[in-house]
Amino acid sequence: MTWYYGVYGAASAMIAACDGSFPDNHAATAQQWDRQFPANGLAMAPFGDRLSNLLESTLKRELAPFRGRGKHSLTTVPATPEQAWGCCAEYLSGTAGWEQWNIQERLVDDREFKALGVDNFRTLAARQMRDAWYAKRGLAFLHQASRYRGKANYRDAIFLAYGKSVARLLEGFIHDLADVLKSFSAMAAGYASMRMGRDRWSAFIDDLEEKRSISISPKTIWM
């Protein structure tokens, strides 16, 4: 949860530095961050990896270059950079499938869909309506982070709190989360510093360093 809100806060800072706006909720923040940064090539990989929509043809085409960096299962800890890239591609693909499922769940309760008189997507009309919803839904890093937050908040804690042992896959997990957050935060700070200018950025960092009440120094991460 702390990891997610660190990512969310850094992304919000990038948006504010870009146009001064503050989206009202997490979904709006994710969508705006995607439009302003990954969609314009202004986010570093893998944070800049994105899918422009959820149509099957789009997924096949746009996932190909990400999978070209490496292939690896999410059920096994990666041991090389190539395998780590493969895990990034697999989680992006998995999140796309999860978002497709969410859309279908919402769609079957939609009034226009009910008017078709069906309860599945076997008919052409149902598939066309589903694909129209798929075409409106892009996917980027913040959407993946939100899904990760949801798992931690509503699912994983139940399994981690029950049983006699913790899966070995969790070894190093917290350290890895910290590394990812530091990297995302550094990218966000790099963008914000360019937008603010050297003098304002330096004054901001110096003020944080002087008055911070936490053990971590933002200055060591951001400069």
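Mentor: Let's begin with the helices around the second largest pocket: α1 (2-19), α8 (173-196), α9 (198-211) and α10 (218-222) each give its lining at least two residues. Helices here are DSSP runs of H or I with at least four residues, numbered from the N terminus. Keep in mind that this is a predicted model: local features need pLDDT of at least 70, side-chain atom pairs count only at pLDDT 80 or more, and totals for chains, interfaces and linings use all residues. Residues are numbered from 1 along each chain as its sequence is written, and side-chain values use heavy atoms, with hydrogens and water left out.

Trainee: Which helix supplies the largest share of that lining?
Mentor: That is α8, with 8 residues.

Trainee: And what counts as a pocket in this case?
Mentor: On a 1 Å grid over the protein atoms alone, a pocket is an open set of points where a 1.4 Å probe fits, with protein on both sides within 12 Å along at least five of seven lines; lining residues have an atom within 4 Å of a point.

Trainee: What volume does the second largest pocket have?
Mentor: About 510 Å³, where a volume is the space filled by probe spheres set on the grid points, which are joined across faces, edges and corners.

Trainee: How many residues line it, and which lie nearest the centre?
Mentor: There are 20 lining residues, and G6, A10, L181, S185 and W222 lie nearest the centre of the pocket. By type, the lining has 17 nonpolar, 2 polar and 1 charged. Ala, Val, Leu, Ile, Met, Phe, Trp, Tyr, Cys and Pro count as nonpolar, Asp, Glu, Lys and Arg as charged, and the others, Gly among them, as polar.

Trainee: New topic: how many aromatic pairs are there?
Mentor: The whole structure has 17. Rings of Phe, Tyr and Trp (its six-membered ring) pair if their centres lie within 6.5 Å; planes under 30 degrees apart are stacked, over 60 edge-to-face and the rest tilted. W3 and Y148 make an edge-to-face pair, 5.6 Å centre to centre with 65 degrees between the planes. That pair joins distant parts of the chain, with W3 in α1 and Y148 in α7 (residues 141-160), 145 residues apart.

Trainee: Is W3 buried or exposed?
Mentor: W3 is buried, because its relative accessible area is 13% and buried means under 20%, exposed over 50%, partly exposed in between (1.4 Å probe, protein chains only). Y148 is partly exposed, at 30%.

Trainee: What about F47 and F184?
Mentor: They are also an aromatic pair, edge-to-face, with 5.1 Å between centres and 85 degrees between planes. F47 sits in the loop between α2 (26-36) and α3 (56-68), while F184 is in α8, 137 residues apart. F47 is buried at 9% relative accessibility, and F184 is buried at 0%.

Trainee: Which residues are in the aromatic cluster?
Mentor: W3, W33, F37, F47, Y91, F141, Y148, F173, F184 and Y191 form one cluster. R147 lies over the face of Y91, 4.8 Å from the ring centre; the rule is NZ of Lys or CZ of Arg within 6 Å of the ring centre and within 35 degrees of the ring normal.

Trainee: Where is the cis peptide bond?
Mentor: From A45 to P46, with omega near 0 degrees. P46 is in the loop between α2 and α3.
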